[in-house]
Structures are given as structure tokens and as C-alpha cells.
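I opened this entry to record what I looked up in the model, residue by residue and then element by element.

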Amino acid sequence: KLQTEMNSFYSKDSNRRPVTKSDLEQDKFFVALHSDKMWYRVRVNSLLDEFTVTVRFVDYGDFSMISIDNLQILWSQFRNLPMQAMNAKLAGMFTKI
């Protein structure tokens with residue numbers, strides 16, 4: 001339901017505005033237009049240059065590089081559901097070479 005509502009909302013030009021460097025410094029949660037033409041919740045990890053950021057898809061765990069032009073601020077109505085992807089590590093797993 002969240003995915004459907006986000007895609008419907010962000011597909012309308014009237015609901016989008018350019019993301020600024022100030023937005024990137026203040027607000028860490030965004031929505032990104034993926035190459036599959038769907039909008040996904042992301043967290044910006046770093047600014048690579050003035051046009052590109054690295055992001056983590058917070059509901060899937062994937063990382064990607066995204067053009068700032070494909071970012072939008074995540075509106076509050078899409079922040080009700082916690083992030084679905086979790087960070088995990090295997091403890092005690094070692095490989096002998």
C-alpha cells in the first residue's frame with residue numbers, strides 16, 4: 001500500500017520540487033526514482049559530487065548511486081512505516097587461507 005501511494009503521489013509534477021544541497025544537509029530521508037520508474041524510500045549516505053549521491057534503499061537494503069535530479073524529500077505521510085531493511089553481520093565466521 002505504501003509503495004502504491006508513494007508512486008501515485010510522486011508521479012504528479014505538482015508534488016515534486018528540486019532537492020537542494022541544503023535539503024541534503026538537513027534531511028537524511030528521501031524518495032528516489034529508480035531505473036524501473038518506481039519511487040523508493042532511501043537514506044542518503046554521501047554526496048559524491050554536486051549531481052550524484054549514494055543512497056541505501058531503506059526497505060530493501062540495496063545501495064546505489066542516484067542523480068540528485070531523481071531525489072525528492074520524503075513527505076511525512078510516508079514515514080509512518082519503519083524501515084524494513086535491517087543491517088546484519090555474521091559473528092564468528094572466519095575463512096582460513
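I began with Asp 49, which is partly exposed, with a relative accessible area of 38%; here buried means under 20% relative accessible area, exposed over 50%, and partly exposed in between, with a 1.4 Å probe and protein chains only. The model is a predicted one, in which local features need pLDDT of at least 70 and side-chain atom pairs count only at pLDDT 80 or more, while totals for chains, interfaces and linings use all residues. Residues are numbered from 1 along each chain as its sequence is written, and side-chain values use heavy atoms, with hydrogens and water left out.

Asp 49 sits in the loop between strand 2 and strand 3, where helices (H or I, at least four residues) and strands (E, at least two) are DSSP runs numbered from the N terminus. I then asked which backbone atoms the side chain of Asp 49 reaches. I found the backbone nitrogen of Phe 51 at 2.7 Å and the backbone nitrogen of Thr 52 at 2.8 Å, both listed as polar contacts (a pair of N or O atoms within 3.5 Å; within protein, one must be able to donate a hydrogen and the other to accept it, and residues adjacent in sequence count only if both atoms are side-chain atoms). I also noted that the C-alpha atoms of Asp 49 and Ser 67, 18 residues apart along the chain, are separated by 9.7 Å.

Next I turned to the overall layout. The protein has two helices and five strands, and from the N terminus on its elements run α-α-β-β-β-β-β. The five strands form an open sheet in the order 4-3-2-1-5, with antiparallel pairing; two strands pair if DSSP finds at least two bridges between them. Strand 4 (63-67) and strand 5 stand at the edges with a single partner strand each, so one side of each is left without a neighbour in the sheet. From one strand to the next the twist averages 50°, where axes are lines fitted to C-alpha atoms, for helices over the stretch in contact, and angles run from 0 to 180 degrees between N-to-C directions.

I went through the pairings one at a time. Strand 3 and strand 4 are joined by five bridges and run antiparallel, and the bridge partner of Arg 56 in strand 4 is Phe 63. Strand 1 and strand 2 also pair in the antiparallel sense, over five bridges, with Phe 29 standing opposite Arg 43 in strand 2. Strand 1 is joined to strand 5 by three bridges, again antiparallel, and Val 31 has Gln 72 as its bridge partner in strand 5.

The hairpin of strand 1 and strand 2 has five residues between its strands, and Lys 37 is found in that loop. Lys 37 has a positive phi of about 70° although it is not a glycine. I kept in mind that most residues other than glycine have a negative phi. At 63% relative accessibility, Lys 37 counts as exposed.

Helix 1 (residues 2-10) lies across strand 1, strand 2 and strand 5, running at about 75° to strand 2. The side chain of Asn 15 reaches the backbone oxygen of Phe 9 at 2.9 Å, and beyond its neighbours within four places in sequence Asn 15 is in contact with Phe 9, Gln 72 and Trp 75. For the protein as a whole, buried residues make up 34% of the 97 residues.

Notes: Contact = heavy atoms within 4.5 Å.
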